[in-house]
Amino acid sequence: MSDTFEQRLKDWRHAFHRHPETGFEEVDTSERVAGILQGMGLQVHRGIGGTGLVASLSVGEGRGVIGLRADMDALNIHEQAPQREHASRIAGKMHACGHDGHMAMILGAADLLCRQRDFNGTVRFIFQPAEEHGRGAKAMMADGLFQRFPVDALYGAHNMPGMPAGHIATRAGGIMASEDNFVIRIQGRGTHAARPHMGIDPLLTGAQIVVALQTVVARNVDPGLSAVVSCTEFVTDGIRNAIPTNVTIKGDTRSYSPVVQALLETRMREICMGICAANGARCEFEYSHEFAPTVNWAENTALAVAAARAVVGEAAVDAEVAPMMISEDFGAFLQQVPGNFVFIGNGAEDEAGGTPLHNACYDFNDGILATGARYFAEVVRRSLPI
């Protein structure tokens, strides 16, 4: 059965990879997932938060309910793997973050649990759209996800290149950061490059702002707390021999607490407005909250660690992994229900699966599909014992 099971997961994953769809456009992906779940005899509820879906399996008379979540969306990246048999067939789109593998793992857990029925209670298989946007979890909850399909706890996972294949890592408390986005618009007065005194230079003003923003973390945030401020785009309407009128700076911040988020926004706004005023330029500052921090619940983390050790062995489990400043839409769910999120190693840097996420050459490591499926099934068994 093992070879058949592992091949089934691989076939599902490759089919998803060939037909990637981005956030809130996962129509065919959702239908493919629904068809597989219906083939297991499960009733599927579609259209939750757009293209999201939920299927439930109840065994015995237990009242406990556990949710298992997978994300479905791909990225607007052109895959650079012409030799790959299962490469994307949709130009400009690819599963460069492994959501194809995440879906296959949850489907694998559903397959195991449907066949073995070795638990007592209900498990819900939740397939979420638009994780990359940071919008899908909120959309599903706004559509009544937890009212229509309540859970006692929710579990999720993400593959992690750079970590040995099949290793599982997690921690209680904050494991991934929030992400807030900002846009700074500076309006000066354009002029000839040879006559700068006739204008107000927004480019110089913007450069001062980029440098000054780095003092927020260095001088305003408690050194014991985590925060990052990154300016990632700097766009002007100037030309070679003309000082521009307009500059737009974009970027994001990362942190773990609402207090730090508020501090970053306040200090960044003050710095931008102050520097622009000092230079005679006008400033518009926008700041938006995109991803909540992912904060694991202690009791659910202990259960996840025990399940992981049962599947891959104690030596391959890290129960106190260092927090990362990446963000995940799963954090929004954990603000509403208890749960845990783990990383599953996709392959060390010198191994297959070590290519970074969001890279045009990335591919999910098929060798960890069964590991993930068995981990999730074990979480259900331990949460809902017979």
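About 1,000 Å² is buried between domain 1 and domain 2. Carbon and sulfur atoms give 57% of that area. Keep in mind that this is a predicted model.

Now the domains themselves. The domain assignment gives domain 1 as 5-176 + 293-383. Domain 2 is 178-291. Their C-alpha centres lie 36 Å apart. At the contact, 17 residues of domain 1 meet 11 residues of domain 2. How many salt bridges are there between the two domains? The count is 1. Look also at Arg135 and Glu290. They form a salt bridge, with the closest N and O atoms 2.6 Å apart.

Next, the aromatic residues. A search of the whole structure finds 6 aromatic pairs. Take Phe146 and Phe333. Their ring centres are 5.8 Å apart and their planes stand at 75°. Edge-to-face needs an angle over 60 degrees, so this pair is edge-to-face. Where do the two residues sit? Phe146 is in helix α5, residues 145-148. Phe333 is in helix α9, residues 330-334. So the pair ties together parts that are 187 residues apart in sequence. The cut-off for buried is under 20%.

A second pair is Phe341 and Phe343. Here the ring centres are 6.3 Å apart and the planes are at 80°, so this pair is also edge-to-face. Both Phe341 and Phe343 are buried. Now put the pieces together. Phe146, Phe330, Phe333, Phe341 and Phe343 form one aromatic cluster.

On to helix α10, residues 369-383. Does its length match its residue count, or differ from it? At 1.5 Å a residue, its 15 residues should span 21 Å. The end C-alpha atoms are 21 Å apart, which agrees. Of those 15 residues, 12 are buried, so α10 is largely enclosed by the rest of the structure. The buried ones include Leu369, Gly372, Ala373, Tyr375 and Phe376. Further along, Glu378 and Arg381 are buried as well.

Met105 is buried, at 1% relative accessibility. Leaving out residues up to four places away in sequence, Met105 touches Ile344, Phe364, Ile368, Leu369, Gly372 and Ala373. Leu369, Gly372 and Ala373 are among the buried residues of α10. The C-alpha atoms of Met105 and Gly372 are separated by 5.4 Å. Along the chain, these two residues are 267 residues apart.

Start with Phe24, in the loop between α1 (2-18) and α2 (27-39). Its phi is near 65°, a positive value in a residue other than glycine. Phe24 is partly exposed, at 36% relative accessibility. Then there is His358. Where is His358 found? It is in the loop between β16 (339-347) and α10. Phi of His358 is near 65° as well, again a positive value in a residue other than glycine. His358 is partly exposed, with a relative accessible area of 43%.

Conventions. Residues numbered from 1 in each chain as written. Predicted model: local features only at pLDDT ≥ 70, side-chain atom pairs only at ≥ 80, totals over all residues. Heavy atoms only, no water. Helix = DSSP H or I, 4+ residues; strand = E, 2+ residues; numbered from the N terminus. Expected span 1.5 Å × (residues − 1). Buried < 20%, exposed > 50% of the residue type's maximum accessible area, 1.4 Å probe, protein only. Phe/Tyr/Trp six-rings, centres within 6.5 Å; stacked < 30°, edge-to-face > 60°. Domains from an automatic or database assignment. Contact = heavy atoms within 4.5 Å. Buried area = accessible area lost by both parts, 1.4 Å probe. Salt bridge = Lys/Arg side-chain N within 4 Å of Asp/Glu carboxyl O.
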